[in-house]
Amino acid sequence: MSLHTLPTVFITGATSGFGQAAARRFGHQGYQLVLTGRRLERLNALADELTPHCKVHVAQLDVRDAEQVRSVIEALPTSYQNVEVLINNAGLALGASPADKASLDDWHTMIDTNVTGLVNVTHSLIPMLLKQPKATIINLASIASNWCYPGAHVYGASKAFVAQFSRNLRSDFAGTGVRVTSLEPGLSESEFSLVRFNGDQDKYNQIYDGTNPLQPEDIADIMFWVAEQPSHININSLEVMPTSQAWDNFKVVKQQ
Ligand code: NDP
Ligand code: 8X3
């Protein structure tokens, strides 16, 4: 069977959560996929699952490594060089204890992944995206880009970078076909909270228990909607929470 092939969607962090759901959402519509992440066996399993629907190229990639990012992108087969959608999704939070109890290594890992990694991939793909008449960069920011909460310190700050970087890219790309969206989800059920709490399943259960959180498929539907907008529309930022989540009062504490 010959596949009706749409342009290429390049996804970072396609081994889990939002990235995996995005691969399914775009792949089922016939978009070509470049699936990247560190866990190669998961990428291969996803590629096997999706190849009846679309063409898939898999590349093991740690976004923190600028040289690896460059060589993966340079080595893309010619037929995958028409990248029209970049989903900068790879990211993580580590810990949620107060700043004075946090690990410096964890802080570095979040900055290296969420900030440096996203910048590495974006920089390497810009020339390809600019060649397209219409292209979309979807950057995974967070409600933590916009709002503070205790224990968010470096995670929230790294996501604030993503939101502001997205707006600045828009300024530079005005007049080209490249659109940029900062996608800012709230509480969503994925491996995110297992990673954040070092595999602690009890903490994971407590976070989501009774909350009806967003699901990766919800976020993938939003990504698809953003990318499929007509070329004259740019969704600048899109903040989304589950209905069960909202803001709380400012904290006022007794002076010590
Ligand atoms: P998951 O933990 O389920 O998925 C994270 C993905 O990022 C995995 O595929 C992982 O792949 C990849 N990743 C992590 N580090 C690296 C790295 N160094 N190089 C390449 N890939 C990496 O979490 P989500 O799907 O929930 O999160 C996706 C994005 O959405 C993140 O940026 C997160 O901050 C953001 N987000 C999540 C929210 C949530 O509540 N879940 C809400 C708002 C934003 P692998 O380990 O195989 O490399
Ligand atoms: C993840 C959402 O609220 O845990 O970006 O920071 S939150």
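Is T78 buried or exposed in this predicted model? T78 is exposed, since its relative accessible area is 67%, where exposed denotes over 50% relative accessible area, buried under 20%, and partly exposed the range in between, with a 1.4 Å probe and protein chains only. This threonine is placed in the loop between α3 (66-74) and β4, and its C-alpha atom is separated by 35 Å from that of V195, 117 residues apart from it along the chain.

The model is a predicted one, in which local features need pLDDT of at least 70 and side-chain atom pairs count only at pLDDT 80 or more, whereas totals for chains, interfaces and linings use all residues. Residues are numbered from 1 along each chain as its sequence is written, chains are lettered from A and ligands numbered from 1 in the order in which they are written, and side-chain values use heavy atoms, with hydrogens and water left out.

The protein chain comprises eight helices and seven strands, which are DSSP runs numbered from the N terminus (helices: H or I, at least four residues; strands: E, at least two). For 256 residues, a compact globule would have a radius of gyration near 18 Å, and the value of 18 Å for the protein chain agrees with this; the radius is taken over C-alpha atoms, and the globule rule is 2.2 Å times the number of residues to the power 0.38. Along the principal axes, the C-alpha atoms fill a box of roughly 65 × 40 × 35 Å. Buried residues account for 48% of the 256 residues. Of the contacts (heavy atoms within 4.5 Å) between residues at least 6 apart in sequence, 71% join residues at least 24 apart.

In soluble globular proteins, nonpolar side chains tend to be buried together. The largest nonpolar core in the model has 31 residues, and those with the most contacts inside it are I11, F26, L33, L35, I87 and M223; such a core is a set of buried Ala, Val, Leu, Ile, Met, Phe, Trp, Tyr and Cys residues joined through side-chain atoms within 4.5 Å. At least two residues of this core are supplied by each of β1 (6-11), α1 (17-27), β2 (31-37), α2 (40-50), β4 (83-88), β5 (135-140), α8 (216-227) and β7 (237-240), and α8 gives the most, with six residues. When residues up to four places away in sequence are not counted, I11 touches G19, A22, A23, L33, V34, L35, T36 and I87. A second, separate core of 24 residues includes F10, L61, I126 and L169.

Helix α1 is largely enclosed by the rest of the structure, because eight of its eleven residues are buried, namely G17, F18, G19, A21, A22, A23, F26 and G27. In helix α8, by contrast, E217 counts as partly exposed at 45% relative accessibility.

The loop between α7 (201-208) and α8 contains T211 as well as N212. T211 is buried, with a relative accessible area of 16%, and is in contact with L187 and S244 once its neighbours within four places in sequence are left aside, whereas N212 counts as exposed at 68% relative accessibility. Most residues other than glycine have a negative phi. Phi of N212, however, is positive, near 45 degrees, and that of N198 is positive as well, near 55 degrees. N198 lies in the loop between α6 (192-196) and α7 and counts as exposed at 73% relative accessibility.
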